[in-house]
Structure formats: structure tokens, C-alpha cells
Amino acid sequence: MASSAFENIVEDFEFLDDWEDRYRMVIDMGKQMGPFEDALRVPATKVEGCSSQVWIVPRLEGEGSGAVFHFRGDSDAMIVRGLVAVLSAMYDGLTVAEVLKVDAGGELARLQLNDHLSAQRSNGLRAMVERIRKIAGEAAAE
């Protein structure tokens, strides 16, 4: 149920045998994200539960469960910034109803990230997913 951009990442990962190459790819994805304004780094956009500092700023097109979900994010850690990019690819362009149906754990397992991330990073990734789901759930209820 993830977006086609995420499916492209899954395909790219299948060609990379070495975890270090995958790790570099995730970091490169983070580097490719556009700049994130300092004005957006505020407590309201900060994701709690991450060992690094992480901010997620949603943008919705439309209203209710049919609203199209987009978000921007950033982190002070390069690998986490890359994980934000992975999540953006997974969710961007879906409706909020579709966002709520995505099995993030299952989709991310296809990348075998949990096998190589520290427990803190894995917890932070879950916190980011929970934040995205909360935003989508609130938007769907409107």
C-alpha cells in the first residue's frame, strides 16, 4: 500500500547486497531532501522518542479522509534524516485514509532496516511513524 516512490527504494535495495551500501543510500536520500527552515524547528513539530532531534511538518491537500498527505522533515543526524526521506517516500501523495492503512513495520521490514539499526534508532523510527499516523488520524477525523 506504500507509494510507488517507496517501491522504487525497495527495488534499489534489492540490488545492493552490502548493508553499508544500503546505509549510504539512506544517507544520500537524506542529503537530497530540500533545505528545512530553522523556523520549522519548534517544539510543535519535534518528534518525541527519538535519540536524535527530528522534526516533521505535515501539509495536507483537501480535507477529511480523502486529503492528500505530504510532509517535510529533518534531523540533526544524517542517517535519521535519511530515514525521514524513506518515510516521506512511503507516505507522500497518499490520502490520509491510505496513510492509516499502511503497515509501516511490514513495509520497512522489506528494506531489512531493523536488522541493522540500533535499538535507539529503531525506537526513533517507530516514533516518527506514530507521529505521522497521529497527524493522518486527526486529519481523517476532521
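Author: Helices (H or I, at least four residues) and strands (E, at least two) are DSSP runs, numbered from the N terminus. This is a predicted model: local features need pLDDT of at least 70, side-chain atom pairs count only at pLDDT 80 or more, and totals for chains, interfaces and linings use all residues. Residues are numbered from 1 along each chain as its sequence is written, and side-chain values use heavy atoms, with hydrogens and water left out.

Reader: Good. Where does Lys46 lie?

Author: Lys46 is in the loop between helix 2 (19–32) and strand 1 (54–61).

Reader: Is Lys46 buried, exposed or partly exposed?

Author: Lys46 is partly exposed, at 27% relative accessible area. The cut-offs: buried is under 20% relative accessible area, exposed is over 50%, partly exposed is in between (1.4 Å probe, protein chains only).

Reader: Which residues is Lys46 in contact with?

Author: Leaving aside neighbours within four places in sequence, Lys46 contacts Gln53, Val54, Trp55 and Arg131. Contact means heavy atoms within 4.5 Å.

Reader: Switching to Ser75. Which strand is that in?

Author: Ser75 lies in strand 2, residues 68–75.

Reader: Buried or exposed?

Author: Ser75 is buried, with a relative accessible area of 8%.

Reader: What does the side chain of Ser75 reach?

Author: Two backbone atoms. One is the backbone oxygen of Gln53, at 2.9 Å. The other is the backbone nitrogen of Ala77, at 3.1 Å.

Reader: And which residues does Ser75 touch?

Author: Not counting residues up to four places away in sequence, Ser75 touches Ser52, Gln53, Val54, Trp55, Val80 and Arg81. Gln53, Val54 and Trp55 are also among the contacts of Lys46.

Reader: Next, Ile132. Where is it found?

Author: Ile132 is found in helix 6, residues 119–141. Ile132 counts as buried, at 0% relative accessibility.

Reader: What is Ile132 in contact with?

Author: Setting aside neighbours within four places in sequence, Ile132 contacts Ile56, Phe69, Phe71, Leu87, Tyr91 and Val99. The C-alpha atoms of Ile132 and Leu100, 32 residues apart along the chain, are separated by 8.9 Å.

Reader: What about Asn8? Which helix?

Author: Asn8 is in helix 1, residues 4–15. Asn8 is partly exposed, with 43% relative accessible area. The C-alpha atoms of Asn8 and Ala89 are separated by 9.1 Å, though the two are 81 residues apart along the chain.

Reader: Now the whole chain. How many helices and strands?

Author: The protein chain has 6 helices and 2 strands. The pattern along the sequence is α-α-β-β-α-α-α-α. The radius of gyration is 14 Å, close to the 14 Å from the globule rule for 142 residues, so the chain is as compact as a globular protein of that length. That radius is taken over C-alpha atoms, and the rule is 2.2 Å times the number of residues to the power 0.38.

Reader: What box do the C-alpha atoms fill?

Author: Roughly 45 × 30 × 25 Å, along the principal axes.

Reader: How much of the chain is buried?

Author: Buried residues make up 46% of the 142.

Reader: And the contacts between residues at least 6 apart in sequence? What share join residues at least 24 apart?

Author: That share is 63%.

Methods. A polar contact is a pair of N or O atoms within 3.5 Å; within protein, one must be able to donate a hydrogen and the other to accept it, and residues adjacent in sequence count only if both atoms are side-chain atoms.
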